[in-house]
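Here is a short briefing for a first look at this structure. Keep the sequence and the 3D view side by side as you read.

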Amino acid sequence: MARIVFLILLFASVSGPAAVAQSSSDPMVTGILAFREGRFVEAAAAFQKAVDQDANNAQAHFLLARVYFETELKDDRQAGRSLDKALEIEPENVVYLTARMQQLGVDSKSFLRDKIRETRRRELARKILKLDSTNAFAHAELGDAYIRDFWRYRNALMYPTVQFNEYQYRARQTVDPLATALQDQISQLGTFDPDNQEPATPDANAAMGTALPSLNPESIFLADQFDVETLKAQGIPVVDFAVRAQKAYERAVDHLFKALDADPRNRVVYDRLMEVYALKGEWSEALEMLQQMYVYFPEDPELWTYLGLAHHRFGNLDAAAKAFESSFESMDTQTLTAFSDIEFLMPDDEKRRYREDPSGYTARYWTSKDPRYLTPYNERKLEHYSRLTYADLLYGSSELKLRGWETERGAILVRYGVPKGDVVIIPKSTSGVQRGTPGQLGTQSTDPTQAGTRLALQVAQRGTDFSLSDEANTFNIWDYGDFKFVFEDPYRNGEYRMFSPSAADLSQGALPWVNDYTIKAAETIRKTPDRYEYEAPGRQIELPYLVSAFKGSAGRTDLYVNYGIPILEFGDQGDMIDITANAGTFVISENRDILAERRRTIYGLRTDQIVEFEEANLWIDSEEVSVPPGKVDVSVEFETTSGGTVAVQRRSVDVPDFDTEDLNISDIMLAYRVEETDDGRPLSGSDVVRNGLSITPAPWSVFSRANPIYLYFEVYNLDVSGDGRGDYEVEAALRPKQKGSAVGRFVKGIFGGNERGVSVTVPVSVASTSDGQYLIMDAENQEEGLYTLYVKVRDRKSGKEVTRQRDLFLEGATR
């Protein structure tokens, strides 16, 4: 704006060679030329000479103000005095009024002074628009003003007079007798126009005084003063400003677009629009606005991070990934480092490995965090980039020269995302909230129209211009469900920090282990460095799967991942359901390496692979992978090629080590059918083959009582001394699942007692140290419910025993 104003004046004052020739005699021309060439001392002297020659030369006063406001000679007081003179001479000069609005935008380091300047800027903007309805700077200023209102009121709550007693927590559910009357007054707020500086009625305060009963508010015995839900439950009439916030949002957007209509190259206005759209969550509107920004600033890296954020939040993940990649091409080094650094997200025990190989470990970290390996982009990484952009957009501090992710609120947002609950409460002097005991605070006033209650209602009615100059310390509460963070704004400048009770708070009974969120935040971060919950697009379905481990080759373990896809109806589909889908199975190590992956495209679902149950039909299939022993994550994914149906399941699995010399047994693979196969080929598309047996594995532990239960297992390291044969005995028992302290006694007696259930004993002799066997159990006479299947193998030669178990559920007959 300053450059535009200067150039207009420059070319108006200096036009052609004749004007230049006059420069030696005209101090205005001398000053303008010196200003243009950066000789600011000479410029100031020339403009001062022009003022001395003609005290009513408004332009000279204005240019002198510019020299002292914009250059290395900066002197805000002198600039202000010079601009005052210019406005005194020409009080309705739009250029001078705009300059004054610009001067009032400088941070004064004083909350009260800033509030006064804020009000004056708003008044100047309105005055300018009366003189010039298309003035871009005035519209931008009012847009900023309404964004500030939206920030303050979009999630603000205010209490009437409440007394917190932190010594005597009683969890009382008493109702504040002021609640009903206050709510009646508050309900009138929805009809207010935020631009109206007058109350709803000619005498709103008097009306309020007659409406409220002459009763004391109840004392609230609450250990944590930031427990908003408990306050509401106890009947405290919490005032919110949703109507006020919506009005502010609408006016902010309106003024900002008018500013762009007048000057579409005003870069800052795009930032402000993106800010308010992000606050409101209006991502489609943001994308439409960013199309216009692209026309004028196509290579701006922030355009591309904004596009990445908006596309991500709108669900266009492919577009989001491309936008973020484009931003990295022109991003400055500092910002690029912030987008690359992930050490703060890691548990302490991983940071050493990260420092040894930052780039390699970063790649493995993001790979391990990817919730869907079938997609071409990493959803967790996109979420991280979006959080960084969101934090920088909303929580950066220009006064403290901090990017958004460097502030306390921004850092928390990058770790945990947007909170489930986000409210601002305005307690103490503004709302009448007090803390301490009745003895400490003295006798409470019986006047129901005391200052705290009246001010709370007046704030709701009149808005920023009236009330917030008296605003006390405000608190921003971020609730993530199982933990929360509380930030405070003690200097009332919007620079929130983590709340920690002051000495005065502690002396009045604040409990540091309850209310000190500096301590609580550090503990939360230590236990939970970050959080991300993936939500798949489209129709999400459950994808049950079971993992069974067997001895592999070269010290590795063979894992069979058996999964089921829910099918609603298939009776008229014939032999094949016409669906094209992608499926994948992935195994990730503790060190975040992908140990195995299987991807395939499925062209149609064969109906002979569908198993019917009471509550669902499952199309079953399996994948085999070979991995080293240890703790791993197994992820199974399924998606139709249209993207309309998605299933993602991921869980931790302990892969056993079978490469030992002791007697050992594999996992129990539950199955619906086991048959011998002569040629080593599976008898069905869903079967797996082990030791000459074609097995139809179960993807979940649910069986019908009307059908037999098949179980396959393998035995390793049998004693073959003497005759070169292994002799062992298999005992299997299906018993109702036991819980609690009875489990130990039950396990000891399952193979020798008369407990309810099914059991079978089979002797086996093989000419090998290992063997694979299957059993069939009939549970037709058992009751519906949860059972545990036990398999015990006893080596007759060595006398050693080994046991495995697996839970399953018996349901009624199939349809």
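The model is predicted. Its second largest pocket has a volume of about 740 Å³. Strand β29 (residues 801–811) pairs with β23 (residues 702–704) and also with β28 (residues 785–795).

**The second largest pocket**

- The lining of this pocket is made up of 28 residues.
- Closest to the pocket centre are E383, Y532, E533, Y534 and E535.
- Two elements give two or more residues to the lining: α16 (301–314) and α21 (379–395).
- The largest share comes from α21, which supplies three residues.
- By class, the lining of the second largest pocket holds 13 nonpolar, five polar and ten charged residues.

**Strand β29 and its partner β28**

- β28 and β29 pair in the antiparallel sense.
- Ten bridges join β28 to β29.
- V791 has R804 as its bridge partner in β29.
- The two strands, β28 and β29, form a hairpin, with five residues between them.
- G799 sits in the turn of this hairpin and has a positive phi of about 80°.

**Strand β29 and its partner β23**

- β23 and β29 run parallel.
- Three bridges link β23 to β29.
- V702 is paired by a bridge with F809 in β29.

**Background on strands**

- In a regular strand, side chains alternate between the two faces of the sheet.

Key:
Residues are numbered from 1 along each chain as its sequence is written. This is a predicted model: local features need pLDDT of at least 70, side-chain atom pairs count only at pLDDT 80 or more; totals for chains, interfaces and linings use all residues. Side-chain values use heavy atoms; hydrogens and water are left out. On a 1 Å grid over the protein atoms alone, a cavity is a set of points where a 1.4 Å probe fits but cannot get out, and a pocket is an open set with protein on both sides within 12 Å along at least five of seven lines; lining residues have an atom within 4 Å of a point. Grid points are joined across faces, edges and corners, and a volume is the space filled by probe spheres set on the points. Helices (H or I, at least four residues) and strands (E, at least two) are DSSP runs, numbered from the N terminus. Ala, Val, Leu, Ile, Met, Phe, Trp, Tyr, Cys and Pro count as nonpolar, Asp, Glu, Lys and Arg as charged, and the others, Gly among them, as polar. Two strands pair if DSSP finds at least two bridges between them.
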